[in-house]
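Colleague: Could you bring up the model so that we can go through it together?

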Amino acid sequence: VKEATYTRLCSTKKILTVNGQFPGPTIEARHGDTIYVNVYNQGKQNITIHWHGVLQPRYPWADGPEYITQCPIKPGGRFRQKIIFSTEEGTLWWHAHSDWSRATVYGAIIIHPKVGTRYPFPKPDAEVPIILGEWWKEDITKVLQQMHDTGGDPNISDAFTINGQPGDLYPCSKQGTFKLTVDRGKTYLLRLINAAMNIILFFAIKKHNLTVVGVDAGYTKPLSSEYVTISPGQTIDALLSANQKPDLYYMVARAYSTGSNHHFDNTTTTAIVQYKGKYSNPTSSSSSSSSSSSSLPSLPFYNDTNAAFSFLGGLKSLADKKHPIDVPLHIRNRIFTTISVNSFPCQDNNNCAGPNGTRLAASMNNISFVNPSTALLQAYYQHTNGVYGDNFPDMPPYLFNFTDIFLPLNLETPKRGTEVMVLDYNTTVEIVLQGTALMGGIDHPIHLHGYNFYIVGFGLGNFDIYKDPLKYNLKDPPLRNTVSVPINGWVTVRFKADNPGVWLLHCHIDRHMTWGMKTVFIVKDGDQPEERLLPPPPDMPRC
């Protein structure tokens, strides 16, 4: 991990990278492999690396979230991380999990099938990672520091990127625009990753449908769509058939953003699908020389919640004999948690930049999580008292009309705490994630470390405990590690707690996570040796 100089949008700056590359190198493995990654911190700040969506069975020590499973790797330090692949097959990704370093420290993980097995769809002619990101002209550490100092929203990004490049519609960017060269008649597996910091994205390719065949390193029933919705943290495997006349076609991504009180980057990033062959039509509506709206694929409007969730609702697990699913039907632990943007009174003469001079915050079940000063996993393993409490509630402390646009101001202020929830090994868990209209409401992509979960239901408005469970999909729900909770709506997920350890649950919009929208599950050991937490490596970083 080291600094490197990059130029984007007519300006040059130093960014944090892995091996000098932006995006970072792709890690390739096969189903069931164990690999080791030696991380050397040659930067100027603390760093941790998270292997997003890798379950790390019984081994949270290398999972990566700062002060949750490990102390950060200090400048000059190193950490040999053991990455254990188990059931994952498809596309995942790795990224920094300390402060906002992941703005530039990220890359793809591709898990191929075992030797002798194959994809449950026709083998593509080529596979291409497509990583969507955000770019700030300003140093990202200054963006974060300003957010801390003012108590308000961070400055919005200056561009979105595809494979590190903003594309034709931004200044000084055409020359670097990412190009995917294709042969007519061939099929390409696009491994889509949303590495953006703070925004859900729509993605599409002009005159081409995408056929989704996997999400979050698990296979789905094929779903053909003109566009996809992808949240920060999520991955999508989609087949692109090069079946149009040879020409140049834009692929684009732009924001899906619903918050009424929130500014967002409303620009569009582009890349080019370029057919091989001789064709001369430089002023074609699909050519890269044109930046008119007619040359771009049609995407839903930026706040079209129905379009976003129409796509997400169409995703189903493959659920065949070779890829069975196991949805928990009898639930022992039911958790209902609100997820809210909040505010604290300003401690600086009401000069904070939040609404009415407040300091912005976020919470789950009205608790704004405070990071401990040492690793929570280490404290659990060594039975150290005083680092965390185990009183995260399984219900909100206040029951109210969560999605009412007129809510009392006193509901906006949460409590601060480092509260976790302890689960017995192998217990079955259902979590209802309920968005609220506090501070206006917005969509929330929620990510659980160490687990995949089945998304059995979602809807708009308040969750109805009597009616909504009757509509759950228990036959072929999608299996994911990150789920989008709609603005002023709800999602229900289920999983079996069969991975002992300390696992973070958080919003993958980084400003919300920084403000405290997270908690931790501690899953206790089982009775058998193979159901117990493995011991830590000898080179664990120290706080």
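Colleague: What does Val212 touch, leaving out residues up to four places away in sequence?
Modeller: With contact meaning heavy atoms within 4.5 Å, Val212 touches Thr220, Lys221, Pro222, Leu223, Val228, Ile236, Asp237, Ala238, Phe311 and Leu315. This is a predicted model, where local features need pLDDT of at least 70 and side-chain atom pairs pLDDT 80 or more, while totals for chains, interfaces and linings use all residues. Numbering starts from 1 along each chain, and side-chain values use heavy atoms, without hydrogens or water.

Colleague: Which residue in β15 stands opposite Val212?
Modeller: Leu223 does, and β14 (210–215) runs antiparallel to β15, with five bridges joining them; strands are DSSP E runs of at least two residues, helices H or I runs of at least four, and pairing needs at least two bridges.

Colleague: And which residues have the most contacts inside the largest nonpolar core?
Modeller: Val212 is one of them, with Ile130, Phe203, Ile236, Met251 and Phe311, in a core of 64 residues (buried Ala, Val, Leu, Ile, Met, Phe, Trp, Tyr and Cys joined through side-chain atoms within 4.5 Å). Strand β18 (248–256) gives the most to this core, eight residues. Another core, of 41 residues including Leu144 and Val523, lies apart from it.

Colleague: Switching to α1, which residues are buried there?
Modeller: In α1 (140–150), Ile140, Val143, Leu144 and Met147 are buried (under 20% relative accessible area with a 1.4 Å probe, protein chains only; exposed is over 50%, partly exposed in between). Their directions from the axis to C-beta atoms fall within an arc of 95 degrees, so they line one face.

Colleague: What is on the face turned away?
Modeller: Exposed Lys142 and Asp149, whereas the buried residues pack against β2, β21 and α4.
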